[in-house]
Amino acid sequence: KISSFVLFQLRSIVLFSHSQAFSTIQSIFFSIVRCMHFNAIEIATMSNSNDESISMLISMGFDLDQSQRALDRNGGNVERAIDFLLSGSGADTSQGGVGGGTAASASTAPPSSSAATSIVTSPTSQYSDPSGRSACTAIALTMAQHALKSLRGASSSSTSSVVGNVITTEFLETSITEGIRNYSILKTRKGSVEHSSAEEILVQAGNMNDKNNNNSLLSHLKLFENSPRQGILDSHPPSIESMNINPVGLYSLLYHCQEDASRSCTGCGNFVAAVITKPPETVLVLLPIFATNISGSGDSSGYNNDSQSYILLDSHPRPNQHAPHNPQHGSYALFHSDLSGLVGSLKEIFPVTELGPDVPEMMGMMYNSFDVYPFVLPG
């Protein structure tokens, strides 16, 4: 089913490429991307036993040892095992990778010009509650709402202190607990929301009341127009210059979220909350809205460069990565002084994956695609 759909869509690209605007082609391309991502995850979710999981991984071209090791390292979670293997983490360098070709490998981004300046951690993560296993997107949306509401009154002169007082261990614990609760409410009343996209969760939550607080779930989030914004990962150093190399890279898309908010958002507060998804992973970033003019460096002219206003929030640790992304057991928030530093941290979570010479270039672009959902508070 997915193969016939992809062939149809690719044929559509050829037919339309000479007669339609680039935006039409781009829309078709990313519809393929999202369909392939969620189809693969849906198939993976159907595998409940270890034998079925191993059989599925072997059918994808991985050998028995690779498959077993990936499942062991990821607690039997098939989706994460697939991501683990395709990122190169489970590759056996003495043998071929996918389909017997060259093993997949994750490109490591060059060191960021500005690493994280500080970190806040919590022992609580989405895995602290068994029902939170697939709740990362609901948690990220809940974190976005809490953060934007709490930071609404921050002024440019007090950003650093206000952010430090808002994004705390207690904030992480409260947001994760409530995010899991929101996820459970949606799952109970609307059926399965497992692996739902951010907009699907927002639609499901729109007319639903939280009986405990008598408020609509996630009702304080306003999604930008023309969203989600689709992009493709790259291995270029994160900088203003990288926007010319890859206009749909992480740096470029996040920069334009700030730029668009500064030009069109009135009374929305001082921050943009951007939920970034690359199935099966979701994280949240907080970006300061440019106060006045857009500066050439990509920093907001109304904020000090050392304000620690660029924040990455992750609802679970990443054991296969280096510090600071791997706090023991819990969640974390990383603070950065500029966009380059933030994107550098994101590239460690979402590295470019090289699938090998036997894999078509378009397939590699599909696997390296991601979505950005930028939110502000309603004006």
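Predicted model: local features only at pLDDT ≥ 70, side-chain atom pairs only at ≥ 80, totals over all residues.
Is Ser 315 buried or exposed, and what is its relative accessibility?

Residues are numbered from 1 along each chain as its sequence is written, and side-chain values use heavy atoms, with hydrogens and water left out.

**Exercise 1. Describe the surroundings of Ser 315.**

Step 1: Ser 315 sits in the loop between strand S9 (310–314) and strand S10 (331–336). Helices (H or I, at least four residues) and strands (E, at least two) are DSSP runs, numbered from the N terminus.

Step 2: Check its accessibility. Ser 315 counts as buried because its relative accessibility is 4%. Buried means under 20% relative accessible area, exposed over 50%, and partly exposed in between (1.4 Å probe, protein chains only).

Step 3: List its partners. Apart from neighbours within four places in sequence, Ser 315 is in contact with Ser 125, Gln 126, Cys 136, Ile 139, Ile 176 and Ser 331. Contact means heavy atoms within 4.5 Å.

Step 4: Look for a polar contact. The side chains of Ser 315 and Gln 126 make one at 2.6 Å. The term covers a pair of N or O atoms within 3.5 Å; within protein, one must be able to donate a hydrogen and the other to accept it, and residues adjacent in sequence count only if both atoms are side-chain atoms.

**Exercise 2. Work out which residues of helix H4 are buried and how they are arranged.**

Step 1: Pick out the buried residues. In H4 (residues 64–73) they are Gln 66, Ser 67, Ala 70 and Leu 71.

Step 2: Look down the axis. The buried residues of H4 fall within an arc of 125 degrees, so they line one face of the helix. The arc is that of the directions from the helix axis to the C-beta atoms.

Step 3: Turn to the other side. There, Asp 65, Asp 72 and Arg 73 are exposed.

Step 4: Go just past the end.

**Exercise 3. Follow strand S6 from its faces to its partners.**

Step 1: Inspect both faces. In S6 (residues 229–232), Arg 229 and Gly 231 on one side and Gln 230 and Ile 232 on the other are all buried.

Step 2: Find the paired strand. S6 and S12 (residues 369–376) run antiparallel, joined by four bridges; two strands pair if DSSP finds at least two bridges between them. Arg 229 stands opposite Val 372 in S12.

Step 3: Find the salt bridge. Arg 229 forms one with Asp 260, with the closest N and O atoms 2.8 Å apart. Asp 260 lies in helix H11 (residues 250–264) and Arg 229 in S6, so the pair ties together parts that are 31 residues apart in sequence. A salt bridge is a side-chain nitrogen of Lys or Arg within 4 Å of a carboxyl oxygen of Asp or Glu.

Step 4: Compare the ends. Arg 229 is buried at 15% relative accessible area, while Asp 260 is partly exposed at 25%.

**Exercise 4. Which residues are linked in a network of salt bridges?**

Step 1: Start with one pair. The side chains of Asp 314 and Arg 318 meet at 2.5 Å, N to O.

Step 2: Check burial. Asp 314 has a relative accessible area of 0% and Arg 318 one of 8%; both are buried.

Step 3: The network links Glu 281, Asp 314 and Arg 318.
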